[in-house]
Amino acid sequence: DITERKRAEQEIIDLNANLELKIKERTLKLAETNANLVSEMEQRKWVSAALAASEKSYRTVVENISEIIFQTDAEGSWLFLNKSWENVTGFTVADSIGKLFLDYIHPADRDLNIELFISLIAREKEYCKHQIRYITKDGSFRWVEVYARAGFDDNNNVNGTYGTIQDI
């Protein structure tokens, strides 16, 4: 009886000692995990701040150059125009996004632009560079030089065009 009791007491002592050791091991692992998380959070904050600064710098450049930077979808609708669009054409970026680029091209130049656009979308040309007339908000037109390339999605499918338009 006493032997069994002593054995049970020793077993409890051993379990307590093991439990304390396991608690210490878990506490160390948790502390290490917490330190790693804190380090990762600090790194993410730094990356986020660097990304925000880079985006601000990019936005500043894009919005302050004199050339129009554009992007269209595969149907020819504007997806992106920088503020220079407003300076050159008089149309607002907000009103122009979603509309066909052909709507802003002088009627006499539209056929050429349709051919060039289709050749980019069909991958017949890598890029095109040409001079055409863009219509302005007041009804007049401006000669511009367009440089356009096909844009691709992650699967290498053509998803539109991008490039620049320079007032000449």
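This report covers the salt bridges of a predicted model.

## Ground rules

Residues are numbered from 1 along each chain as its sequence is written. In this predicted model, local features need pLDDT of at least 70 and side-chain atom pairs count only at pLDDT 80 or more, while totals for chains, interfaces and linings use all residues; side-chain values use heavy atoms, with hydrogens and water left out.

## Salt bridges

Side chains of opposite charge can pair when their charged atoms come close. The structure holds eight salt bridges (a side-chain nitrogen of Lys or Arg within 4 Å of a carboxyl oxygen of Asp or Glu).

## Arg-7 and its partners

Arg-7 pairs with Glu-11; their closest N and O atoms are 2.9 Å apart. Both sit in helix α1, residues 2-64 (helices are DSSP runs of H or I, at least four residues, numbered from the N terminus). They are four residues apart, so about one helical turn separates them.

Arg-7 is partly exposed at 45% relative accessible area (buried is under 20%, exposed over 50%, partly exposed in between, with a 1.4 Å probe and protein chains only). Glu-11 is partly exposed too, at 43%. Glu-4 joins Arg-7 and Glu-11 in a network of salt bridges.

## Arg-44 and Glu-40

Another salt bridge links Arg-44 and Glu-40, at 2.8 Å from N to O. These residues are also four apart in helix α1, so about one helical turn lies between them. Arg-44 is exposed, at 57%. Glu-40 is partly exposed, at 35%.

## Glu-86 and Lys-83

Glu-86 bridges to Lys-83, with the closest N and O atoms 4.0 Å apart. Glu-86 is partly exposed, at 25%. Lys-83 is partly exposed, at 45%.

Conventions
Helix = DSSP H or I, 4+ residues; strand = E, 2+ residues; numbered from the N terminus.
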